[in-house]
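Subject: Structure handover

Hi,

Here is the structure for your files. Please load it before you read on.

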Amino acid sequence: MWLKRYLAFGPNRPLWAFVADALLANNTPASESNVPMDIRTNCYLQSWTTSTSTRSSQPTDLLKMIKTGQKYGVRIEGLAFDWNILRDMPIWHHISADPKIRRLTNSSASNCLRFKHNLQTVGEAEDLAAPLIRVNGVQSQHRFNGHCECRDCTEIRELTDCEHPHHCMLRAEELLDTLPPKWDPRAEKPEDYEGNYPNFSRRQEENIFDYRLTTTGDLSDLFRVFTDKNHTPVNETFVRRVQPEGNEELIAVATDGSCMNNGQDTAIAGAGIYFAKDDLRDKSLKLPQMAGGTKLTQSNQAAELLAVKTQGHP
Ligand SMILES: [Zn+2]
Ligand SMILES: [Zn+2]
Ligand SMILES: [Zn+2]
C-alpha cells in the first residue's frame, strides 16, 4: 500500500516519499494559504490539510493515496506514546495541539525559532526550553533576562545568531504548553511506570500478555487504519502507578471463545478460562447481551475477548 510506505518515517523511508511531502505541502486548498511553507512537514502529523480536489494540481497518484487513506480511516491514534515518538513530532501546527498554536506560528516572535534556530520538532523545543525548568528544585545557571551569559545562552548565540535566547526559550515553552499531556514529553506518562517488558521465553502456542499502554518505535508506529471518524481520541493520559519490575510471576492460562450459530440472529457465544485442573479460578462464561449500555454482538471474537479480559481481573 502506497500510503503505508509514504508514512514509513524510519531510516528506510523511500525517496519518493520526500518528493510526495513537497507536493502535498505545495498543493493545499486556498484556506491554508496562511500556513507558512517552511513549517509544512506532514499533513498527517500537523493540522494543515492538503488538497483533495480533482481540479487542483495534486498529482493523480497522490490524490488516490490520500483518498484511500480517508476511505479506510488512516490516522494517528493510541493511548500513550513513548518519549522518542513524542519528541519526533513536528512542533509547528502539531496535529493535537490547542488551535492557538497556529497563531503562535505566524507571530513574529516565532521567526527567530523558525529561521535562526531552525526549530522543527517537539524535542528541539523541549531542549531549547530546558534551562527554564528547575530540576529537583535546582535552577540551572540561566538568568531570566536577555543578557544572560550562561553556557546555554552562549551556545545558542554562537550556533544560531539568536540575539535573545531567553526570549526564544520562553517562546519554545509557550509552544510546548499548547500540547495536551498525552503529547507533551515533559508530562508524566504510562511509560514512566511500565518498566521493561519482561523477556519471557515462550513455549509453543503461548502468548505473553503485553500489559503496556505505550506505543513504542518511531512515527510510523502511530498510524492506525479503520479508525472511527465519529470518535475523537481522548487527550488525557492513563497513568497507572504500578511498578511491575522485580516481583513478576509468570502465570500460564488457557483461554478460548466459542459461538454457536455464529453470524446468525440466534448466535450464542461463551468463553472458557483454564488455569489448572480443579483450579478455583477456572471459569466458563456466557457472553452478556449488553455491556455498559451497548449491545454486544454474539460472536466468536467477542467471546475470545471476554475470556482474555476476564482472566485479567479474576
Ligand atoms: Zn542563559
Ligand atoms: Zn532566538
Ligand atoms: Zn479460539
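The notes below cover metal sites, aromatic rings, a surface patch and a few loop residues.

This is a predicted model: local features need pLDDT of at least 70, side-chain atom pairs count only at pLDDT 80 or more, and totals for chains, interfaces and linings use all residues. Residues are numbered from 1 along each chain as its sequence is written, chains are lettered from A and ligands numbered from 1 in the order in which they are written, and side-chain values use heavy atoms, with hydrogens and water left out.

Zinc sites

Start with the zinc ion (ligand 1). Its protein donors are His142 (ND1), Cys148 (SG), Cys150 (SG) and Cys153 (SG), at 2.0 to 2.4 Å. Donors here are N, O and S atoms within 2.8 Å of the metal (3.2 Å for Na, K and Ca); water is not among the atoms, so sites may look incomplete. The 4 donor atoms make angles of 103 to 117°, and the site is tetrahedral (four donors, all angles between 85 and 135 degrees). Along the chain the donors follow the spacing H-x5-C-x1-C-x2-C.

Are Cys150 and Cys153 buried or exposed? Cys150 counts as buried because its relative accessibility is 6%. Cys153 is buried too, at 0%. The classes are buried under 20% relative accessible area, exposed over 50% and partly exposed in between (1.4 Å probe, protein chains only).

Next, the zinc ion (ligand 3). Asp256 (OD) and Glu304 (OE) coordinate this ion at 2.0 to 2.1 Å. The pair links distant parts of the chain, 48 residues apart: Asp256 is in strand E5 (residues 254–260) and Glu304 in helix H11 (residues 300–312). Helices (H or I, at least four residues) and strands (E, at least two) are DSSP runs, numbered from the N terminus. Asp256 is partly exposed at 47%. Glu304 is partly exposed at 29%.

Aromatic rings

The whole structure holds 7 aromatic pairs. Rings of Phe, Tyr and Trp (its six-membered ring) pair if their centres lie within 6.5 Å; planes under 30 degrees apart count as stacked, over 60 as edge-to-face and the rest as tilted. One of the pairs is Tyr44 with Phe223, edge-to-face, with 6.1 Å centre to centre and 75° between the planes. Tyr44 sits in the loop between helix H2 (15–26) and H3, and Phe223 in strand E4 (residues 223–224), so the pair ties together parts 179 residues apart in sequence. Both Tyr44 and Phe223 are buried.

Surface patch

Tyr72, Val225 and Phe226 form a nonpolar surface patch with about 320 Å² of accessible area together. Patch residues have over 30% relative accessible area and no salt bridge; like charges are joined within 9 Å, nonpolar side chains (Val, Leu, Ile, Met, Phe, Trp, Tyr) within 5 Å. A salt bridge is a side-chain nitrogen of Lys or Arg within 4 Å of a carboxyl oxygen of Asp or Glu. Areas use the Shrake-Rupley method with a 1.4 Å probe. Tyr72 lies in the loop between helix H3 (60–71) and strand E1 (75–76). Tyr72 is partly exposed, at 34%.

Loop residues

Most residues other than glycine have a negative phi. Asn261 has a positive phi, near 55°. Asn261 is in the loop between E5 and strand E6 (268–274). Asp278 also has a positive phi, about 60°. Asp278 is exposed, at 69%.

Best wishes

Conventions: Four donors count as tetrahedral if all angles lie between 85 and 135 degrees; four count as square planar and six as octahedral if opposite donors are over 155 degrees apart and all others between 65 and 115; anything else is irregular.
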